[in-house]
Amino acid sequence: MTAVAGVVLAAGASRRMGRPKQLLPLRGRPVLQHAIDAATTSRLGEIVLVLGHEADAIRGAVTLPARARVVVNPAWADGQGGSLACGLAAIAGDAPAAAVLLGDQPDVGATIIDAVLAAFRVDEDTAVRPVWRDAAGGAHPGHPVVLARRTWAELATL
């Protein structure tokens, strides 16, 4: 079976930040590079990096593995749903699902990605996502989210 693809969303303008947070330095690398490196060292197959605002500057600041490519969402200002649709549409081949990672979450590592991939059952699950617990025991949805291919057409309408 073909590996699950990865979609790294990094198209936003970082309006509240005032500059692209994807490029902020963290532990000697841009924040976005951490998400790319996690995807690269995980069991994901193809990796699609979705850029938008400041796409050229961001693309020039990161290093991509051979199995990754960049797509630019021309409608990035319309929100994350459009960037998700753009990334899913760009996946080549017959990947059964896509793991969606956020480019501004540098501490979501390969271990978490691989655990979510291991929990995903191609023929049974529509979506799988991790859950984290706070100090009081409250559960919170996390990332990445793995989305079965059969959901992509509907997700494109977001």
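How many positive and negative side chains does the protein chain have, and how far apart do the centres of the two sets lie? The protein chain has 15 positive and 14 negative side chains. The two centres lie 4 Å apart. Lys and Arg count as positive, Asp and Glu as negative, while His and the chain ends are not counted. Each charge is placed at NZ of Lys, CZ of Arg, CG of Asp or CD of Glu.

The model is predicted: local features need pLDDT of at least 70, side-chain atom pairs count only at pLDDT 80 or more, and totals for chains, interfaces and linings use all residues. Residues are numbered from 1 along each chain as its sequence is written, and side-chain values use heavy atoms, with hydrogens and water left out.

The protein chain has 5 helices and 10 strands. These are DSSP runs numbered from the N terminus (helices: H or I, at least four residues; strands: E, at least two). The radius of gyration is 15 Å, which agrees with the value near 15 Å for a compact globule of 158 residues. This radius is taken over C-alpha atoms, and the globule rule is 2.2 Å times the number of residues to the power 0.38. Along its principal axes, the C-alpha trace spans about 40 × 40 × 30 Å.

Of the 158 residues, 48% are buried. Buried means under 20% relative accessible area, exposed over 50%, and partly exposed in between (1.4 Å probe, protein chains only). Contacts (heavy atoms within 4.5 Å) were also counted. Among those with a separation of 6 or more, 63% join residues 24 or more positions apart.

Helix H3 spans residues 80–89. Its buried residues are Gly81, Ser83, Leu84, Ala85, Gly87 and Leu88. Their cover includes E1, strand E4 (47–51), strand E6 (97–102), strand E10 (145–148) and helix H5 (152–155).

Gln33 sits in helix H1 (residues 31–41). Gln33 is buried, because its relative accessible area is 6%. Its side chain makes a polar contact of 2.8 Å with that of Asp37. Such a contact is a pair of N or O atoms within 3.5 Å; within protein, one must be able to donate a hydrogen and the other to accept it, and residues adjacent in sequence count only if both atoms are side-chain atoms. Beyond four places in sequence, Gln33 touches Ala61, Val62 and Thr63.

Ala3 lies in the segment before strand E1 (5–10). Ala3 counts as partly exposed, because its relative accessibility is 33%.
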